[in-house]
Amino acid sequence: MNMGYENLKIEKADNILLVTISREKQLNALNKQTIEELYELLIAEKENQTTSGVIITGAGEKSFVAGADINEFLNLDKGQAIALSERGHHVFNTIEDFPKPIIAAINGYALGGGLELALACHLRIASENARFGFPELNLGIIPGYGGTQRLPELIGKGRAMEMILTTQQITSNQALDYGLINDLVLKDQLLTAAKELIQKIISKSPEAVKSAIRAVNGNCRDKNGFKIEIDEFSKCCGTQNFREGVAAFLEKRPSKFQ
Ligand code: CO8
């Protein structure tokens, strides 16, 4: 079932929707179209009586999602950066507020926007080969899809500051230790484990599940941190250092920041 989506593969069994981000050659990087496809799918599935929960994973062996698509950062000006970041915020907030459980099944790299996608999901389960990180500062920007807010909320300010400022990737074991993921399993058991976890949730009253998600999320987003993130992200996008960071990645060379 691809339902007309170019970058998403959709399967459904036992009322569980399995969504696979499918841009394997780009390590499933989130281009604008993929973000829009995710949004369209969620809006459609929200009222679908035959969908009780959603699992999001990445295509292939190597990557969940390796971030926003850096090719779309070429010639990005401040206005476009604000629009892109705001749109991503809206889509990721839709995930966080989704009235049915959404689990990220993290099968490899969860970097930048990919980690932000996982953070917006209600629960995270990862395979032992997964790697987590915020490489944005290597590009001369900061996380722009809610990561500066959701990461500290989930794992605490100290570890979040460390991950964001150093850009150091962490392993699944560290992620479990930090409370970044809920469970760690062997690679070939990831989807089975994610399905078992979601089954536990969808066997309960759907109204109570929806209310619990709303209530737990109730404390989020009242602060203006999300707005500050969009402002600061777009400010970074106006810098020469950002242009250098993007060019260096695309030319596969180290950045020379001023
Ligand atoms: N965007 C575009 N292409 C990518 C991305 C990406 N994020 N990540 C990997 N690719 C591409 C590579 O360019 C390469 O393409 P090609 O085969 O055509 O050369 C292909 O995927 C395979 O990648 P590598 O050869 O680099 O594979 P390695 O195993 O050597 O390395 C890594 C894997 C470590 C994951 C490496 O690819 C990497 O560092 N990727 C970039 C990670 C990154 O910086 N992500 C953060 C992006 S910024 C971001 O997410 C901001 C989110 C907020 C946005 C707010 C609004 C705009």
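How many nonpolar, polar and charged residues does the shell around the ligand have? The views below start there. This is a predicted model: local features need pLDDT of at least 70, side-chain atom pairs count only at pLDDT 80 or more, and totals for chains, interfaces and linings use all residues. Residues are numbered from 1 along each chain as its sequence is written.

**View 1. The shell around the ligand.** By class, the shell has 13 nonpolar, 8 polar and 2 charged residues. Ala, Val, Leu, Ile, Met, Phe, Trp, Tyr, Cys and Pro count as nonpolar, Asp, Glu, Lys and Arg as charged, and the others, Gly among them, as polar. Of the 23 residues around the ligand (C-beta atom, placed from the backbone, within 6 Å), Ala 29, Gly 67, Gly 112, Gly 113 and Gly 144 come nearest. Helix 2, strand 6 (109-111) and helix 4 (136-139) each give two or more residues. Helix 2 gives the most, with 3. Helices (H or I, at least four residues) and strands (E, at least two) are DSSP runs, numbered from the N terminus.

**View 2. Helix 2 (residues 78-96) against helix 10.** The two pack at an angle of about 145°, axes 8 Å apart. Axes are lines fitted to C-alpha atoms over the stretch in contact, and angles run from 0 to 180 degrees between N-to-C directions.

**View 3. The end of helix 5 (residues 147-155).** Gly 156 follows helix 5, with a positive phi near 95°.
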